[in-house]
Amino acid sequence: GVGQLENAERLHRRIVEVYESASFNRQHTVTHATVFAHMAQLAEILDQQGKVLEAEAQYQAALVFVQKCFGTRHELAAEVMNSLGNLLRRGGKLEQAETLLWRSFEIRKEIRGGTLGATAIAASLNNLAELKRDQGCFA
């Protein structure tokens with residue numbers, strides 16, 4: 001329920017604050033992946049609560065963080081681009097959403113290729129199809 005989401009939001013905010021206040025270097029990739037996971041979970045929780053602007057800002061922060069730690073063509077970058085793109089699509093920001101969803105698809109296609117990443121690639125294509133529907137391309 002709502003109370004559980006609020007508790008989860010508080011917990012993830014605190015975890016992100018603790019990690020952000022500490023000094024980490026690139027050698028701590030497990031820690032970076034953990035920080036990213038909490039940032040992304042916080043954004044998802046904010047979205048579920050209807051706090052769209054806060055969710056968007058948190059996804060943006062997660063994207064900057066993951067690109068800084070892992071690079072711009074990393075699967076975690078593709079994951080957050082996909083989530084942010086969907087949030088923007090639902091909010092009617094279709095051009096911004098399209099850019100992110102295409103970038104996510106391209107990264108996933110490049111990194112995962114073949115059948116190994118078929119599920120992630122299919123999810124990206126589905127999200128792009130939903131965007132095109134929202135743009136009126138299938139009228």
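1. The expected span of a helix is taken here as 1.5 Å times one less than its number of residues. The model under review is a predicted one, and helix H5, residues 94-112, can be checked against that rule: its 19 residues should span 27 Å at 1.5 Å a residue, and the C-alpha atoms at its ends lie 26 Å apart, which agrees.

2. Which residues of H5 are buried? They are Leu-94, Ala-97, Leu-100, Leu-101, Ser-104, Phe-105, Ile-107 and Arg-108. Viewed down the axis of H5, these buried residues fall within an arc of 165°, so they line one face of the helix. An α-helix has 3.6 residues a turn, so residues three or four places apart point the same way.

3. The face of H5 that is turned away from the buried side carries Glu-95 and Glu-110, both of them exposed. As for the buried residues of H5, what covers them includes helix H3 (52-70), helix H4 (75-90) and helix H6 (118-134).

4. Glu-56, a residue of helix H3, deserves a separate remark. Is Glu-56 buried or exposed? Its relative accessibility is 13%, and because the cut-off for buried is under 20%, Glu-56 counts as buried. The side chain of Glu-56 makes a polar contact, at 3.0 Å, with the side chain of Lys-93.

5. On the cysteines, the structure holds zero disulfides. Cys-69 counts as buried, at 8% relative accessibility, whereas Cys-137 is partly exposed, with a relative accessible area of 47%.

6. Turning to the chain as a whole, the protein chain has six helices and zero strands, and its elements, read from the N terminus on, run α-α-α-α-α-α. Among the contacts in the protein chain with a separation of 6 or more, 55% are accounted for by residues 24 or more positions apart.

7. Of the 139 residues in the protein chain, 38% count as buried. The accessible surface of the protein chain comes to about 7,800 Å², and 54% of that surface belongs to carbon and sulfur atoms.

Key
Residues are numbered from 1 along each chain as its sequence is written. This is a predicted model: local features need pLDDT of at least 70, side-chain atom pairs count only at pLDDT 80 or more; totals for chains, interfaces and linings use all residues. Side-chain values use heavy atoms; hydrogens and water are left out. Helices (H or I, at least four residues) and strands (E, at least two) are DSSP runs, numbered from the N terminus. Buried means under 20% relative accessible area, exposed over 50%, partly exposed in between (1.4 Å probe, protein chains only). The arc is that of the directions from the helix axis to the C-beta atoms. Contact means heavy atoms within 4.5 Å. A polar contact is a pair of N or O atoms within 3.5 Å; within protein, one must be able to donate a hydrogen and the other to accept it, and residues adjacent in sequence count only if both atoms are side-chain atoms. A disulfide is a pair of cysteine sulfur atoms within 2.5 Å. Accessible areas come from the Shrake-Rupley method with a 1.4 Å probe; for residues, only the protein chains shown count as cover.
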